Amino acid sequence: MLCQRCGEREAEIFQTQRVGDKLYDRDLCSACAKLDYGVFLGALLQSQAPGAAPLTEEDERELRRVLDQAAPSEDAPARED
Ligand SMILES: [Zn+2]
């Protein structure tokens, strides 16, 4: 499975994240994951680890904002680049 973002490298991070009533699928190589989500992906992955502390409210708000920006819009026309 190739990375959904660059389409060049093998995806290493597979994730389905529920934010509100939306589900986001993410298949990303580690480089793109860092570019796209940076500390928030790290925080997210950490929050899902057994025994980890939950995200703070602030972390969760920021994470939701990042995911909303990154999510492909169903209305937007396909880009060719
Ligand atoms: Zn990539």
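Two residues are in contact if their C-beta atoms, placed from the backbone, lie within 7 Å. This is a predicted model, in which local features need pLDDT of at least 70 and side-chain atom pairs count only at pLDDT 80 or more, while totals for chains, interfaces and linings use all residues. Residues are numbered from 1 along each chain as its sequence is written.

Q: Which residues does Ala11 touch, not counting residues up to four places away in sequence?
A: Neighbours up to four places away in sequence are left out here. The residues that Ala11 then touches are Met1, Leu2, Cys3, Gln4, Asp27, Leu28 and Cys29.

Q: In what order do the elements of the protein run from the N terminus on?
A: Helices (H or I, at least four residues) and strands (E, at least two) are DSSP runs, numbered from the N terminus. The protein has two helices and two strands. Their order is β-β-α-α.

Q: In which sense do β1 and β2 pair, parallel or antiparallel?
A: Two strands pair if DSSP finds at least two bridges between them. β1 and β2 (residues 22-28) are joined over seven bridges, and Val19 has Lys22 in β2 as its bridge partner. The sense of the pairing is antiparallel.

Q: Is Arg5 exposed or partly exposed?
A: A residue is buried if 20 or more other C-beta atoms, placed from the backbone, lie within 10 Å of its own, exposed if 12 or fewer, and partly exposed in between. Arg5 lies in the segment before β1 (13-19). Because Arg5 has 18 other C-beta atoms within 10 Å, Arg5 is partly exposed.
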